[in-house]
Amino acid sequence: MESDLRQINVYGDIPHQPICTFYGKIADLPAMLYENGFLQVGRSDVVNLQYVRSIRNYKVELRSGVELSVSRQYYTAIRSAWLEWKGQFGDE
């Protein structure tokens with residue numbers, strides 16, 4: 001998911017082609033998303049941890065090849081959350 005102005009774009013397997021767009025803010029997304037494997041990695045990006053290939057050098061690389069910038073302030077916490085999730089669920 002990506003926030004773009006006042007819209008949230010939801011992406012699937014095809015990079016840069018939203019499957020759904022709706023008005024809202026990342027901050028208003030339901031807590032249920034974060035409890036079920038989604039993680040905010042930047043000011044305007046939320047990812048499904050199942051589709052993260054790696055997190056390094058302040059970048060998240062998705063399985064689709066898309067790279068997203070990771071918040072420098074929260075990089076350690078974001079990487080730790082991903083590693084913890086990966087340890088629990090592996091590469092399903």
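Mentor: This is a predicted model, and the protein has two helices and eight strands. Read from the N terminus, the order of elements is β-β-β-α-β-β-β-β-β-α. The radius of gyration is 13 Å, close to the 12 Å that the globule rule gives for 92 residues, so the protein is as compact as a globular protein of that length. The C-alpha trace spans about 35 × 25 × 25 Å along the principal axes.

Now the core. In soluble globular proteins, nonpolar side chains tend to be buried together. Here, buried residues make up 32% of the 92 residues, and the largest nonpolar core has 15 residues. Within this core, Val52, Ile55, Val60 and Leu62 touch the most other members. Two or more residues come from each of β4 (38–42), β6 (52–56), β7 (59–62) and α2 (75–89). The element that gives the most is α2, with four residues.

Beyond its neighbours within four places in sequence, Ile55 is in contact with Val60, Val70, Tyr75, Ile78, Arg79 and Trp82.

Two totals for the whole protein complete the picture. Among contacts with a separation of 6 or more, 28% are between residues 24 or more positions apart. The accessible surface comes to about 6,400 Å², and carbon and sulfur atoms account for 49% of that surface.

Definitions and conventions. Residues are numbered from 1 along each chain as its sequence is written. This is a predicted model: local features need pLDDT of at least 70, side-chain atom pairs count only at pLDDT 80 or more; totals for chains, interfaces and linings use all residues. Side-chain values use heavy atoms; hydrogens and water are left out. A nonpolar core is a set of buried Ala, Val, Leu, Ile, Met, Phe, Trp, Tyr and Cys residues joined through side-chain atoms within 4.5 Å. Buried means under 20% relative accessible area, exposed over 50%, partly exposed in between (1.4 Å probe, protein chains only). Contact means heavy atoms within 4.5 Å. The radius of gyration is taken over C-alpha atoms; the globule rule is 2.2 Å times the number of residues to the power 0.38. Accessible areas come from the Shrake-Rupley method with a 1.4 Å probe; for residues, only the protein chains shown count as cover.
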